[in-house]
Amino acid sequence: MGISVIVFDDNAKRREGLEMLLEATDGMHCTGTYNDCRDALRIVKEQKPDVILMDIDMPHVNGIEGVKAIRKEFKEVKILMQTVFEDDEKVFNAICAGANGYILKQTNPTNLVDSISEVFSGGGPMTPVIAAKVLQLFSKGFSPKVKETFDLTKRELEILQFLVKGFSYKMIANECHISYPTVNTHVNNIYKKLQVQSAAGAVSKAIKKGLVS
């Protein structure tokens, strides 16, 4: 059956385009598209998706509130948030809501498909400009006097730096001259040591605790 994806987006034309893209992609299929999150819990419970593609700006119940509600009931489902870079407050709230990845709505189809695959595999894709915004938001007001290490190895710290820059697992693998599965193992170890569940969580904690410059 491949990776099952639910789409929440208030734009009907965009929902149609995303459904067509997913159905045309080997190893993926769209189980449904919805214009807001009013029935998100029922939908997720019934359809049991692997990945949720979530827009932020929707009427009635928006994506941020949707993620918060879904996270209370479904801890394991992967949520990929689509956001608009220019809105600082919404980027910050999306990060705090607990999604697994954050990409721009303008992301091209190839990168969108790659991001869905990455988040399904346990990754935390973030468009570089979103990563830069995360860095800016979380660095404001944080000046740790004591740098904590959390027992991260030199390689884990190196990979954490790349996560802060918004690098994908493939990009990190190329930069570090290691395999994709090895990157995944390192990132999982980073998550465990930092006690976080996503790349955004790792980035924010790394900045708060002075692990990255």
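**Entry 1: a loop residue**

I started with Gln195, which I found in the loop between H9 and helix H10 (199-208). I noted to myself that this is a predicted model. Gln195 has a positive phi of about 60°, although it is not a glycine. I then looked up how open Gln195 is: at 68% relative accessibility, the residue counts as exposed, because the cut-off for exposed is over 50%.

**Entry 2: another positive phi**

Next I went to His177, which sits in the loop between H8 and H9. His177 is not a glycine either, and its phi is positive, near 60°. Is His177 buried or exposed? I looked it up and found His177 exposed, with a relative accessible area of 72%.

**Entry 3: H7 against H8**

I turned to two helices, H7 (residues 154-164) and H8 (residues 169-176). Their axes are 10 Å apart, and the helices pack at an angle of about 130°. H7 and H8 are therefore oblique to each other. I also wrote down that H7 passes H8 in a right-handed crossing.

Which residues meet here? From H7 I listed Arg155, Glu158, Ile159, Phe162 and Leu163, and from H8 I listed Ile172, Glu175 and Cys176. I sorted the residues of this contact into 5 nonpolar, no polar and 3 charged.

**Entry 4: H7 against H9**

H7 has a contact with helix H9 (residues 180-194) too, so I checked how the two cross. Their axes come within 10 Å and cross at roughly 95°. That makes H7 and H9 roughly perpendicular to each other, because angles of 65 to 115 degrees are counted that way.

On the H7 side I found Arg155, Glu156, Ile159, Leu160 and Leu163 in the contact. On the H9 side I found His186, Val187, Asn189, Ile190, Lys193 and Leu194. The residues of the contact of H7 with H9 divide into 6 nonpolar, 2 polar and 3 charged.

**Entry 5: aromatic rings**

How many aromatic pairs does the structure hold? I found 3 of them, and I looked at two, including Phe162 with Phe167. The ring centres of Phe162 and Phe167 are 4.9 Å apart and their planes are at 35°, so the pair is tilted. Phe162 counts as buried, at 12% relative accessibility.

I then looked at Tyr169 and Tyr180, a tilted pair with 5.6 Å centre to centre and 50° between the planes. Tyr169 lies in helix H8 and Tyr180 in helix H9, so the pair ties together parts that are 11 residues apart in sequence. Tyr169 counts as buried at 1% relative accessibility, whereas Tyr180 is partly exposed, with a relative accessible area of 27%.

**Entry 6: a buried isoleucine**

I finished with Ile70, whose place is in helix H3 (residues 63-73). Ile70 is buried, with a relative accessible area of 0%. What does Ile70 touch, not counting residues up to four places away in sequence? I wrote down Ala40, Leu41, Val44, Ile52, Met54, Val77 and Ile79. I also looked up Cys37, which is 33 residues from Ile70 in sequence and 9.6 Å from Ile70 in space, C-alpha to C-alpha.

Technical notes
Residues numbered from 1 in each chain as written. Predicted model: local features only at pLDDT ≥ 70, side-chain atom pairs only at ≥ 80, totals over all residues. Heavy atoms only, no water. Axes fitted to C-alpha atoms, helices over the stretch in contact; angles between N-to-C directions. Helix = DSSP H or I, 4+ residues; strand = E, 2+ residues; numbered from the N terminus. Parallel < 35°, antiparallel > 145°, perpendicular 65-115°, else oblique. Left-handed = near helix turned anticlockwise from the far one by under 90°. Contact = heavy atoms within 4.5 Å. Nonpolar A, V, L, I, M, F, W, Y, C, P; charged D, E, K, R; others polar. Phe/Tyr/Trp six-rings, centres within 6.5 Å; stacked < 30°, edge-to-face > 60°. Buried < 20%, exposed > 50% of the residue type's maximum accessible area, 1.4 Å probe, protein only.
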